[in-house]
Each structure stands twice: as C-alpha cells, then as structure tokens.
Amino acid sequence: MPISSDSTPPTSSFTRAELEVDGVAMVRLLGPQDRLLHTIERQYPLVTVLVRGNRITLTTDPEVDGASDQLQPALLLVEELIQMVRNGVDLGDTEVTQSARILREQSGSPADLLSQAILTSRGKSVRPKTLGQKSYVDAIDENTIVFGIGPAGTGKTYLAMAKAVQALQRKEVERIILTRPAVEAGERLGFLPGSLNDKIDPYLRPLYDALNEMMDPELVPKLLAAGTIEVAPLAYMRGRTLNNAFIVLDEAQNTTPEQMKMFLTRLGFGSKMVVTGDITQVDLPTGSSGLQLVTHVLDQMDDIHFAPLTSADVVRHNLVGQIVDAYTKYDAERQRSEYERQNPTRKR
C-alpha cells in the first residue's frame, strides 16, 4: 500500500501528521523492540512518534518553541526510511542517523543515495551507509586510482573489496589482487612456526575473512588456487606489472615512501587501484609513512582521487566515532603544544 497522509503537508503552523504503512514495511521500520522508532525520535527530540496498527502519527507540542519546525523534517525522514525498506535496505541505527544527516545537509534523497547495493551474497547486501561512503564508492567507479583515507570503522577496506568482487563478477577485470604490508614481520618471521605463508597469514587474515563474507566460501579457495584472486604481502608486488586487475592495498599508512612508489608503479593496462589507510595509526618503527607523503605528491593529478572519510562515516558502535574524535582532538592539542615548545617566540 502506498504511503498516504491524512493531513495537509505540515508547515510551521501544523502540529500533527499521519502516515499509513503496510504491515511488513512497518515491522522493518520499527526494528526490534521499536529501537529504530526511538532513534528517529532522538533525531527530532521535539517530535513524538506514535504507532497504532498500520498508522504512524507524528505530533508536536505547539507551546514548545521550535517544536512545530521539526515536524516536517521528521515526516520527511520517516517517508525516506519507508522507501528504503521497500528498496530492500535492512535498516539499523546507522541508516536512520545518516538519513537524518543527509536531509539536514540537503544532500539529496537518502533512499536514492543509500539504497544502491554493490553486491549481494547469501542474502546480505553490501552498500554504502553514509554520504562519505557513497562519495568514496562513486570515486572508485570514476577514477583509476583512489585513496580511501580515514579512521577505523569507516568501511574503506570492506567497500573497496566489495567493488573488486563486483568488477570480477561483471568481467570488468580478470583477477583481484589484495595486499597489505606486514610491518612487524621483518624481525619476527624467524621466530614464528611454519612455512613463510604460515608466518605471513595472520597479517592477511582480515582480507580472507572479508572475501568469505562477500563470496561463496567454497568458491574462494578455487579462485585462490587458480590465481583469479591473489592475497599476498606487499613485498610480493615488486618487479611485476599488474594488467586487467583490481588491486587493493590495505593498511597503506604502514608503507614507506619507497614501498608506496613501488606499488603505484605496478599499475598496468585495464587495471584499477584502491589504496586504504589511516594516517593517524602509523606503526612504522622509523621514518615517514608513504601514505602521508603521497597525499602531497599526487594530490593534483588527473584520474587519481583522494576520498577522505571521517568519524561521521564510522558504521560500528556509536562509541567508535566518539573515540576517534577524542583521539583526534588529543593529537591536535599535543602537536600544538610541541610546536609551541619548539617555537617559544611564536607562542600566542
């Protein structure tokens, strides 16, 4: 049943609006224990959302300053969420909060921006969940080399791998190459048991795990054995030219400038590269990060795009975004204090 409103579209003089929703969409809209309903109310605290049967009623108190101004945005948010449900999106707190953010920023329709699945595996869809993630995914489509730079939990690696699997399924590339530096392996490999592959495996395990989520787990070993998918340490890329491949470099903040140059110059014909990393989490024992340097060296080149992701794009627990912001603030204050200590005459 289509959405219907029993009232004139609300304006600042209206204090009530109603929507009628079919039963299946209503269940998916509310979430377990009406959790999503409470998330909607947190976005617009002056609006009360009531549900009876197939009817959603939004009300405000006309005597509270600014309450009526929240009614129309809240109504629009509910309408967008209902459309997302009908588009097959499994709603969660992230989808609600990000949809509200998109509407506040007037960046378009959340139902259009956040309903586009990259791929579907075993009934689970992989799709961008924030405006920043959507811009990142679009940049991968439009550029040969993309750098996804942001904190943990922003989906930069997961989405890059989803795009790689999508490109392979569409026969846009002939193989997928996933790589990351094994920073600690240099001194410790000799102390670890097993063959070289056994010693390196812990550093590559997150990439294998993501592959098994996105593809049939029985198919992955066959593709690995055939060389259609390759998961290898960054050192294995030296001396190669990678044609007709989708190449993902993960944890790029732990590359040296020389390693980053080596990797980027492996690019061959018909290939696409995505480089992901968090420049605030460099684990290199000495020297500068290749990811930090490349943002200055290549920032003006055509067909190369730098996609920044922030705490607003974190799709893990809400606390993760707050932790990221807290550490960012701490690092900025520490850098300012260090600068003032080294330049006492310039201290304000």
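I will start with a loop: glutamate 251 lies between strand S10 (245-249) and helix H11 (257-264). Helices here are DSSP runs of H or I with at least four residues, strands are runs of E with at least two, and both are numbered from the N terminus. Glutamate 251 has a positive phi of about 55 degrees, although it is not a glycine. Most residues other than glycine have a negative phi. At 26% relative accessibility, glutamate 251 counts as partly exposed. The classes use a 1.4 Å probe on protein chains only: buried is under 20% relative accessible area, exposed is over 50%, and partly exposed is in between.

There is a second case. Aspartate 303, in the loop between helix H12 (290-297) and strand S12 (304-308), also is not a glycine and has a positive phi, near 70 degrees. Its relative accessibility is 39%, so aspartate 303 too counts as partly exposed.

Now the basis for all this. This is a predicted model, in which local features need pLDDT of at least 70 and side-chain atom pairs count only at pLDDT 80 or more, while totals for chains, interfaces and linings use all residues. Residues are numbered from 1 along each chain as its sequence is written, and side-chain values use heavy atoms, with hydrogens and water left out.

On confidence: pLDDT is the predictor's confidence in each residue, from 0 to 100. The protein chain has a mean pLDDT of 84, and 85% of its residues reach 70 or more. Over residues 1-13 pLDDT is under 50, and the model has 29 contacts beyond four places in sequence for them. Residues 185-189 are also under 50, with 4 such contacts. Contact means heavy atoms within 4.5 Å.

For the chain as a whole, the secondary structure comes to 13 helices and 12 strands. Of the 348 residues, 45% are buried. Taking contacts between residues at least 6 apart in sequence, 69% join residues at least 24 apart.

Next, the helix pairs. Axes are lines fitted to C-alpha atoms, for helices over the stretch in contact, and angles run from 0 to 180 degrees between N-to-C directions. Angles under 35 degrees count as roughly parallel, over 145 as roughly antiparallel, 65 to 115 as roughly perpendicular, and the rest as oblique.

H1 and H2 pack with their axes 5 Å apart, at an angle of about 65 degrees. That angle makes H1 roughly perpendicular to H2. On the H1 side the contact residues are Arg28, Leu29 and Leu30, and they meet Arg35, Leu36 and Leu37 in H2. By class, this contact of H1 with H2 has 4 nonpolar, no polar and 2 charged residues. Nonpolar means Ala, Val, Leu, Ile, Met, Phe, Trp, Tyr, Cys and Pro; charged means Asp, Glu, Lys and Arg; the others, Gly among them, are polar.

H2 (residues 35-43) also packs on H4 (residues 93-104): the axes come within 9 Å and cross at roughly 25 degrees. H2 is therefore roughly parallel to H4. Arg35, Leu36, Thr39, Ile40 and Gln43 of H2 meet Asp93, Val96, Thr97, Ala100 and Arg104 of H4. Those residues divide into 4 nonpolar, 3 polar and 3 charged.

H4 has another partner, H3 (residues 71-86), with axes 10 Å apart and an angle of about 125 degrees. H3 and H4 are therefore oblique to each other. H3 contributes Leu76, Leu77, Glu80, Leu81 and Met84, and H4 contributes Glu95, Val96, Ser99, Ala100 and Leu103. The count here is 7 nonpolar, 1 polar and 2 charged residues.

Which residues does alanine 25 contact, leaving aside neighbours within four places in sequence? They are Val85 and Arg86. Alanine 25 lies in H1 (residues 23-30) and is buried, with a relative accessible area of 4%.

Beyond four places in sequence, glutamine 166 touches Ile118 and Leu119.
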